[in-house]
Structures are given as structure tokens and as C-alpha cells.
Amino acid sequence: MTRIGIILGSTRPNRNGPQVAHWVLETAARRGDAEYELLDLREHPLPHLDEAVPPMFGPSVNAHTRAWAEQLAACDGFLVVTPEYNSGAPGVLKNALDHAFAEWADKAVGFVSYGVHGGVCAVQQLRSICSVLGMAVVSRQVTVSLHTDFENHTVFTPGDRHVTALHTTVDQVLAWSAALAPLRAAVPVA
Ligand SMILES: Cc1cc2nc3c(=O)[nH]c(=O)nc-3n(C[C@H](O)[C@H](O)[C@H](O)COP(=O)(O)O)c2cc1C
């Protein structure tokens, strides 16, 4: 069965991210069309990239890098849940992306963002980064406003339009994950 990793890209204390990520996980899992797994970066702590050889040029040696890469290798595609910090993606998320290379390639990725303006600037950055990593970046995305989709900026209350947008995003991620399966089979990750 297709396996989709849901990456939660915020790790700070008191973060809003888990509410959004669990909504994504529960909404997606109810579809019954794939396996969905939450990959919370707080549960996968990584130092700033400390591999002597960049991941695109050779296998990583550090245990934390290999453990993260193993989690990614088991997935066929990804949904990235990201906040926006200072008009960009969180550093911890960029660092997690930098820690792998082959494990991202030929896999689909869709985005669920949240922030004062829906986190769209973070997603624009991530689209570019994920393209360089050889991923199929799907067009649809879910854009959650801190003002209108959270009560008091803290309690997530997603409206129906977000459910619809999430399903379309998941549809695209699953379609592209399936379409790219022959490429992944041709170059298996070591
Ligand atoms: C350091 C920092 C910078 C932020 N910059 C932005 C920003 O540029 N645009 C925006 O829409 N929200 C910004 N915010 C608001 C966050 O989107 C909001 O706090 C969100 O809940 C952060 O996600 P988290 O709670 O999961 O960490 C910023 C928040 C922090 C902590």
C-alpha cells in the first residue's frame, strides 16, 4: 500500500503545528486509500547538518541522519505541514530536508501551511527546495489562516473548504506517487 509521510515542520514549545498535523493525519487516514504516518520533527531531532559528505554525494554516516533517512525511504510521498516564520519556512524543516537526498527523489509532496497570511511564503520556498531534491511538487495546497481558522490564534477550527482542499491535495500526492513508482523502482535507495 502507498505510504505517505506527514512531516510536521515546527518544533517550538507551545506550537500550533500538532493541531494542524493531526487534522491532516485523521482526515487523510479516513480515506482508507493509503497508509499515513506522522513524522514530527520534534521526535526526530537533528543537529545542524553535520555530515562530512553532502547527502547528494554519498551515504550518510551519522546515526541520526541514517535514522531520519530510513523513515523517509519507507515513504512513497509526503504531506508537509509548515508554519511561516519571518516570511519563510522554519529552519528546522529546511535542515530536515537537507539531511537526505535520494530518499526524497521521485516522490510527490503537497503542502499544508498556516500563518498570519496562510503561510504561503513558506510554501513558495519549499516548492523551490523540494524541486531541487527531485520531488514532484503538487499544485494544490491547503492554506490556513491564523486569524480566521484558529480561535484566539490557538484553537484550530478548520472550515469545510480546507477539508476539500486537503482531499484534492492528497489526491494529487497519491496520483503522482503512483506515477513515479517506476522511477523509484529503477533507482532503489540503498
Ligand atoms: C519567529 C516567528 C516568526 C513568524 N513570522 C511569521 C511570518 O512571517 N508570517 C506569518 O504569517 N506568521 C509568522 N509567525 C506566526 C506563526 O505563523 C504562528 O505563530 C504559528 O503558530 C507558528 O507555528 P507553530 O506554532 O507551529 O510554531 C511567526 C512566528 C514566529 C514564532
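Reader: Why does M56 count as partly exposed?

Author: The model is a predicted one. In it, M56 has a relative accessibility of 44%. Buried means under 20% and exposed over 50%, with partly exposed in between, so M56 counts as partly exposed. The residue is found in the loop between β2 (35–40) and α2 (63–73).

Reader: What makes the nonpolar surface patch to which M56 belongs?

Author: V53, M56 and F57 make the patch, of about 330 Å².

Reader: How do you know that the buried residues of α2 line one face of the helix?

Author: The buried residues in α2 are T65, W68, A69 and L72. Viewed down the axis of α2, they fall within an arc of 100°, and therefore line one face of the helix. On the other side of α2, A63 and E70 are exposed. The buried residues pack against β1 (3–8), β2, β3 (77–83) and α3 (91–98).

Reader: Why is N152 called exposed?

Author: Its relative accessible area is 70%; since exposed means over 50%, N152 is exposed. N152 is found in the loop between β6 (150–151) and β7 (155–156).

Reader: What is the phi of N152, and what is that of H153?

Author: N152 has a positive phi of about 55° although it is not a glycine. H153, in the loop between β6 and β7, is likewise not a glycine, and its phi is positive, near 65°. Most residues other than glycine have a negative phi.

Reader: Which class of accessibility applies to H153?

Author: H153 is partly exposed, because its 35% relative accessibility lies between the 20% and 50% cut-offs.

Definitions and conventions:
Residues numbered from 1 in each chain as written. Predicted model: local features only at pLDDT ≥ 70, side-chain atom pairs only at ≥ 80, totals over all residues. Heavy atoms only, no water. Patch = residues over 30% accessible without salt bridge, like charges linked within 9 Å, V, L, I, M, F, W, Y side chains within 5 Å. Areas by Shrake-Rupley, 256 points an atom, 1.4 Å probe, with all protein chains shown as cover. Salt bridge = Lys/Arg side-chain N within 4 Å of Asp/Glu carboxyl O. Helix = DSSP H or I, 4+ residues; strand = E, 2+ residues; numbered from the N terminus. Buried < 20%, exposed > 50% of the residue type's maximum accessible area, 1.4 Å probe, protein only. Arc of directions from axis to C-beta. Contact = heavy atoms within 4.5 Å.
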